[in-house]
Amino acid sequence: MICEYNGKTPNIHNTAFIANDTVITGDVSIGSDSSVWFKTVIRGDVAPVYIGNEVNIQDLSMLHQSPNIPLIIEDGVTVGHQVTLHSAKIKKNALIGMGSIILDGAEIGEQAFIGAGSLVPPGKSIPPRTLALGRPAKVVRELTEEDYKELDRIRTSYVEKGKAYKIQQYDK
């Protein structure tokens, strides 16, 4: 369900895949070749939500914000299953692991990897190209070339899956 809220309608690029049971409301922008998967909720009813190109927001995720603090997700980001993002900034090609929570004012650096089940508290910055995990999340190491290949593999696979699902959705 995609719906207007308070005079603002989501702006979704025509190449993005949006699962039929997703809810997207209000001031939300979604870029090209992005995908939003089953039972995800994106509410742009408090502040804007900006989602870049080739971003995947996986099943059962929740995206929201606090007043005057937008949620910004740059290009190439992977957001794992059951993630909560709230008024944070996720930089290019980062990965947020399954079940993680990223809170107001947190910033996840470019190509950073947040391990599954982590909690990034309000205002915390995770440096680029690092692995952080835990509750609260702490940097445990720098990423390796193998890690970068895996981040790219996941992102690319979701771009391809999104295109395939989009074709199937409109062929019916």
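## Arginine 153 and glutamate 150

At 46% relative accessibility, arginine 153 is partly exposed, a class that lies between buried (under 20% relative accessible area) and exposed (over 50%), computed with a 1.4 Å probe on protein chains only. Glutamate 150 is also partly exposed, at 33%. The two residues form a salt bridge whose closest N and O atoms are 2.7 Å apart; the term covers a side-chain nitrogen of Lys or Arg within 4 Å of a carboxyl oxygen of Asp or Glu. Arginine 153 and glutamate 150 are about one helical turn from each other, because they lie three residues apart in helix H1 (residues 145–171).

## Basis of the model

The model is predicted: local features need pLDDT of at least 70 and side-chain atom pairs count only at pLDDT 80 or more, while totals for chains, interfaces and linings use all residues. Residues are numbered from 1 along each chain as its sequence is written, and side-chain values use heavy atoms, with hydrogens and water left out. Helices (H or I, at least four residues) and strands (E, at least two) are DSSP runs, numbered from the N terminus.

## Other salt bridges

The structure holds ten salt bridges. One of them links the side chains of aspartate 147 and arginine 141, at 2.6 Å from N to O. Aspartate 147 is buried, with 16% relative accessibility, whereas arginine 141 is partly exposed at 36%.

Another salt bridge joins the side chains of arginine 43 and aspartate 45, with an N to O distance of 2.9 Å. Arginine 43 has a relative accessible area of 30% and is partly exposed. Aspartate 45 is partly exposed as well, at 22%.

## Nonpolar cores

A nonpolar core is a set of buried Ala, Val, Leu, Ile, Met, Phe, Trp, Tyr and Cys residues joined through side-chain atoms within 4.5 Å. The largest such core has 31 residues, of which Ile51, Ile73, Leu85, Ile90, Ile102 and Ile108 touch the most other members. At least two residues of this core come from each of strand E4 (23–30), strand E6 (41–51) and strand E9 (71–73). A second, separate core has ten residues, among them Ala19, Leu131, Leu143 and Ile154.

Contacts of leucine 85 (heavy atoms within 4.5 Å) were counted without residues up to four places away in sequence. On that basis, leucine 85 touches Met62, Leu63, His64, Leu71, Ile73, Val79, Ile90 and Ile102.
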